[in-house]
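These entries record what I looked up in one structure. The order follows my own reading.

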Amino acid sequence: MPVARPEPQEPRVIAHVDMDCFYVQVEQRRNPALRGQPTAVVQYNDWKGGGLIAVSYEARKFGVKRSMRGDEAKMVCPSIHLVQVPVARDKADLNVYRSAGSEVVAILATKGKCERASIDEVYLDLTDAAKEMLLESPPELSELIFEEATKSNILGIPSDVNNREDSVRAWLYRDDADYQDKLLSCGAIIVAQLRIKVLEETQFTCSAGIAHNKMLAKLVSGMHKPAQQTVVPSAAIQDFLVSLPVKKMKQLGGKLGSSLQDDLGVKTVGDLLNFTEEKLQEFYGVNTGTWLWKIARGISGEEVEDRLLPKSHGCGKTFPGPKALKNNASVKTWLDRLCEELSERIQSDLNQNKRIAQTLTLHARACKENECDSIKKFPSKSCPLRYGTGKIQEDAMKLFESGLHDFLGSQNTKWNITSLSVAASKIFDIPSGTSSILRYIKGPNSTVSPANLDPPVPEDPSLGKKLHITPNHQEHCEPSSSEKEEHENNSNLSKQHQAKKEKRVSKKLTEVKGTCSILKFLSQSSPVNNEKRKFDALICSHPGPESSSEQNKAEEHDKSAWSVDEDKFNAGRSHSSSSSTWMFNVEEIDPAVVKELPPEIQREIHGWIRPPKNSSSKKRGSTISSYFRPERKSG
Ligand code: TTP
Ligand code: CA
Ligand code: CA
């Protein structure tokens, strides 16, 4: 459930930047003959010409939509150019798009805190840059930048087409503006400048929203597309929100939004204003009630995170219509491929960015024979992630079996899998200077965990279940893959931000402190590990994909190469819901694991995980302190 964050005292300037028809632009840069042409990128799938995953604005004019398949698009727009996504391991290979996204991020990150939100979008906190600009009067910027800023759409100012630019210019540069609006004007100029730079350096256009918080910036960034920006002055917030369907708000696309509609009759954000904070708290609890009350007024304290790399890695594949998987062997074949890719990506993230992923999650979409309309979802399953392709493959298959077991319940029925994806999340930075941990994880000469460090994984009881096979059809779809950073530019991005990150190490350490995750991680690679864990005890379940708006969006379209928002979705979900059973259960760790590690690693671990001052605190993970105290004394 969403929670209200404290609002900052000072006004902020936040931008949300989203690339226009991104995959199409990447393909148009690769093949300039496609520029200005109706073009769509289709996923790797020959069924009915493949599903469209990105559509150029020229093709949109003909009525071509992302929900179409190639054959249908050709009918609507015979001149359309269909470009197939690159393929690797029999599935879409999104590297070229990810690395193009990273090029853009590197430019956008030059003006302030930058959070990479998906393959083609970022949030920027431009407050400091805007304040600086306010101090220069007038700012020294080219005419081109002023011109671009003058093309902004400003919510709430009359949009008479004849003198639109005059009124925008008057709004942006008026002397009697209050401080907040002045900051926003500077924000609009900075974003115009960044967008021009992105175009000059990458040939890509993008659109942006500029507001005082992330929520509003995101809501308007797509309002005027392509290649435009939209500003939300404080005075325009109420009018803008009043008629906005609640489902459009981030975090209201799913169950909470449906409950607002069904239980309170709230259809638009304006309808929410009829409820007092107390009333909303009565229905949804103190935190969510307050959050709802605030968002109805355009108030959101959520901060822009300083993160240029993705929050999780995921890859997946849909199996629409006749391609549905109907038995364990075919699921295994595909899971092995997906896990191989995932493993490469997390290994490369480890090598280049010194980041470790802790959680492996499996999502699937399934239906039982003759029950394809059933709303029962295949539960997503997570477990601690073990590095090494073989281990990931093995664990993913067990997660699948466990999920299938829950999905089928006591029914002995045939099933269809229409989408599969695996994700690695809960990624954290290894503090600089901890090279011995890396060496240990990777082994002196190898790039992956040495196989002999692989502990046995106990059998999952659900393995014994007999599964029946039947031909069946279902045209269901689910987003599947997410971000990957394994290219040069990502590593450069990472280096650029290394200094900044180092400053934040102490903060990160606090996050590591109180969890046993790194120990768990090491325990899974340790040759001396008295392996006590039961794999199934480590599995966490989550309900099947919820219908958030982003999720819905993806589900409407049959997208195996979907890569954007599920990243967030996965990460968000596993962060919030999967931390329950294993993540903080310190008692389960065998102390021998740590004692047997090389001394320098023991020292590092003790450095990372300092005991809290108040060891009697009953907070999660507080037992780490008691666990470590004797070690610290003797070490
Ligand atoms: P979007 O930003 O949703 O869309 P877009 O950039 O193509 O178009 P717009 O100008 O409206 O923003 O997604 C970014 C890329 O992510 C998109 O180009 C292709 C990919 N994608 C999928 O593969 N499947 C999907 O279902 C979605 C939504 C996106
Ligand atoms: Ca986009
Ligand atoms: Ca996007």
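Is Glu148 buried or exposed? I found Glu148 buried, with a relative accessible area of 15%. I use buried for under 20% relative accessible area, exposed for over 50% and partly exposed for what lies in between, with a 1.4 Å probe and protein chains only.

Basis of the entries. The model is predicted, so I note that local features need pLDDT of at least 70 and side-chain atom pairs count only at pLDDT 80 or more, while totals for chains, interfaces and linings use all residues. Residues are numbered from 1 along each chain as its sequence is written, chains are lettered from A and ligands numbered from 1 in the order in which they are written, and side-chain values use heavy atoms, with hydrogens and water left out.

Entry on salt bridges. Glu148 forms one of them with Arg195, and the closest N and O atoms are 3.1 Å apart. Because Arg195 lies in helix α8 and Glu148 in helix α6 (residues 143–150), the pair ties together parts that are 47 residues apart in sequence. Arg195 is buried as well, at a relative accessible area of 6%. Helices (H or I, at least four residues) and strands (E, at least two) are DSSP runs, numbered from the N terminus.

I next looked up Lys91, whose side chain meets that of Glu341 in a salt bridge of 2.9 Å, N to O. This pair links distant parts of the chain, with Lys91 in strand β6 (residues 91–92) and Glu341 in helix α14 (residues 328–353), 250 residues apart. Lys91 is buried at 2% relative accessible area, and Glu341 is buried at 6%.

Helix α14 also holds Asp336 and Lys332, which are 4 residues apart and so separated by about one helical turn. Their side chains meet in a salt bridge of 2.8 Å, N to O. Lys332 counts as partly exposed, at 37% relative accessibility. I also recorded one network, in which salt bridges that share partners join Glu115, Lys214, Lys250, Glu302, Glu305, Arg307 and Lys311.

Entry on helix packing. How do helix α4 and helix α8 pack, and at what angle? I read an angle of about 140° between helix α4 (residues 95–108) and helix α8 (residues 179–202), with their axes 10 Å apart. That angle makes α4 oblique to α8. Angles under 35 degrees count as roughly parallel, over 145 as roughly antiparallel, 65 to 115 as roughly perpendicular and the rest as oblique. Axes are lines fitted to C-alpha atoms, for helices over the stretch in contact, and angles run from 0 to 180 degrees between N-to-C directions.

Entry on contacts between C-alpha atoms. Ala424 is in strand β15 (residues 415–429) and is buried, with a relative accessible area of 0%. From Ala424 to Leu360 I noted 4.8 Å in space, C-alpha to C-alpha, and 64 residues in sequence. Leu272, in helix α12 (residues 269–272), is buried at 1% relative accessible area. Leu272 and Leu292 are 7.8 Å apart, C-alpha to C-alpha, and 20 residues apart in sequence.

Entry on an exposed side chain. Met75 lies in helix α3 (residues 70–76) and is exposed, with a relative accessible area of 66%.

Key:
Salt bridge = Lys/Arg side-chain N within 4 Å of Asp/Glu carboxyl O.
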